[in-house]
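Here is a short report for a reader meeting this structure for the first time.

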Amino acid sequence: MKNIVVLGSTGSIGTSSLEVISKLGKGYKVLGLSTYGKEALILQQLKKFKPKYVSVLPKATHDKIKNKIPAGTKLLSPTLKGLNFLSSLKPADLIINGLVGSVGFEPLISSIKAGKTIALANKEPIVMAGELIMKLAKKYNAKILPVDSEPSAVFQCLDGICPSTYHNTSKLVEKFFLTASGGPFFNYKGNLSKVSPAQALKHPRWKMGPKITIDSSTLMNKGFELIELMHLFSIPMDKIQIVIHPQSVVHGAVEYKDGSILAKMSLPDMKLPIQYAITYPEKCKSPVKKLDLFELGKLEFYRPNLNKFPCLNLALQCAKKGGSYPVVLNASNEVAVQKFLAGEIKFTDISKLIEKVLNKNPYKSARNLNLKKVQEIHNWATKHSREKI
Ligand code: MG
């Protein structure tokens, strides 16, 4: 029996994870769930999956539903402490981390320090502190299995060797291909400064939560994934080629020393990489629609346009500089996306805001960051970004 905790169970990754667990049936048990503010949905999930623990944030939602929690489920304190407890539960065999943004940083560290196997969808902590996280994962013997579809694809092309214990990719592999759909504005000919949040939220291929959908429309998400790949598989940046692939069928590929390229192909559905992380190292039957090569007909690949998508350019620069830069990048992007979604800034202001904050970075020479330093830099960049524009 695999006991599973789903962090962020009412979000896009969380609901898909529960669907996968339901379909897998016997052998998989939900041990804990967590939500941020989705009152009705979490109550439904508690009724269906009967977990032992639940974390409900913020406090207002926690207080509202505390008398409606079914018997047999313990409601944890409405604090980060409660979430950290859930992330490191002793009987948990797998922690699915579907939290959004930097909020997942501490829970991820808690899971790692408890030596857990983590199915990680929450890429921002890796962007913020990838080096430190991988070092801690090694120290505490925690396993990180990627859920993000592109790292999962690369992982599968590397034959599913656990990324947090695998150190020889550079010896075997010549190049890693990181594919991107291009987002809603790949072919857009209009003025990007005029596009609305609703337009940016219309992703052509993937159904995801709002934060990552905006990150996909600016291509910041691809920059984050490049940083994610560098850390998860110990790859130098110059071995990763970002490829725009509008069909979103090739999710990642690996070119070996001999020139052979292995690619992972399927229709774009997050339930596949989620299921692989849950059943790893087994591959099980899945209800996801199969790819029909004849229906697909053709595959296209293009170079990314860094002038049209300056967020990707900024991410590449930060990946190269390392140290505090990815921390500042992530925090200012988080604030910029919130501001864009709230209608406070234009689409094209997202990269401008981030660039301004990066230029003011007072931690330029900081290296080998510890947890406290990462948090300090993150807090500085968040505060500074909120004050800009
Ligand atoms: Mg992805």
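In which sense do β2 and strand β3 pair, and over how many bridges? β2 and β3 (residues 53-57) pair in the parallel sense, over five bridges. Within this pair, Thr35 faces Val56 of β3. Keep in mind that the model is predicted.

**The sheet**

Strands β2 and β3 belong to an open sheet of seven strands. The order is β4-β3-β2-β1-β5-β6-β7, and the pairing is parallel. Two strands form the edges: β4 (74-75) and β7 (143-146). Each of these pairs on one side only. As background, the strands of a sheet pair through backbone hydrogen bonds, either parallel or antiparallel.

Now take β1, which covers residues 2-7. In the strand order, β1 stands between β2 and β5. The table lists three of the pairings in the sheet.

| Pair | Sense | Bridges | Residues that face each other |
|---|---|---|---|
| β1 and β2 (residues 28-36) | parallel | five | Ile4 and Val30 |
| β1 and β5 (residues 94-97) | parallel | four | Val5 and Ile95 |
| β2 and β3 (residues 53-57) | parallel | five | Thr35 and Val56 |

Is β1 largely enclosed or open? Five of its six residues are buried, so β1 is largely enclosed by the rest of the structure. Buried here means under 20% relative accessible area.

How does the chain get from β1 to β2? The path runs through helix α1 (residues 12-24). This β-α-β crossover is right-handed.

**A covered helix**

Helix α5 spans residues 105-113. Seven of its nine residues are buried, and the helix is mostly covered. The buried residues are Phe105, Pro107, Leu108, Ile109, Ser110, Ser111 and Ile112. After α5 comes Gly115. The phi of Gly115 is positive, near 70 degrees.

**The cavity**

Rolling a probe the size of a water molecule over the atoms shows where empty space is left. A search of the whole structure turns up one cavity of 30 Å³ or more. The largest cavity holds about 30 Å³ of space.

Which residues line the largest cavity? They are Glu19, Val20, Lys23, Lys271, Gln275, Ser286, Pro287 and Val288. By class, three are nonpolar, two are polar and three are charged. Helix α1, seen above in the crossover, gives the most to this lining, with three residues. Both α1 and α12 (271-279) supply at least two residues each.

Why does the largest cavity lie between two domains? Domain 1 (2-146) and domain 2 (148-182 + 219-303) both give residues to the lining, so the cavity lies between them.

**A pocket**

The second largest pocket has a volume of about 410 Å³. Its lining is made of 19 residues. Nearest the centre of this pocket lie Ser266, Leu272, Lys283, Cys284 and Ser286.

Which element gives the largest share of the pocket lining? Helix α12 does, with five residues. Strand β11 (261-265) and α12 each supply at least two. The lining of this pocket has eight nonpolar, five polar and six charged residues.

Terms used: Residues numbered from 1 in each chain as written. Predicted model: local features only at pLDDT ≥ 70, side-chain atom pairs only at ≥ 80, totals over all residues. Heavy atoms only, no water. Buried < 20%, exposed > 50% of the residue type's maximum accessible area, 1.4 Å probe, protein only. Pairing = 2+ DSSP bridges. Right-handed = clockwise from strand over helix to strand, strands pointing away. 1 Å grid on protein atoms, 1.4 Å probe; cavity = no way out; pocket = protein on both sides within 12 Å on 5 of 7 lines; lining within 4 Å. Points joined across faces, edges and corners; volume = space filled by probe spheres on them. Nonpolar A, V, L, I, M, F, W, Y, C, P; charged D, E, K, R; others polar. Domains from an automatic or database assignment.
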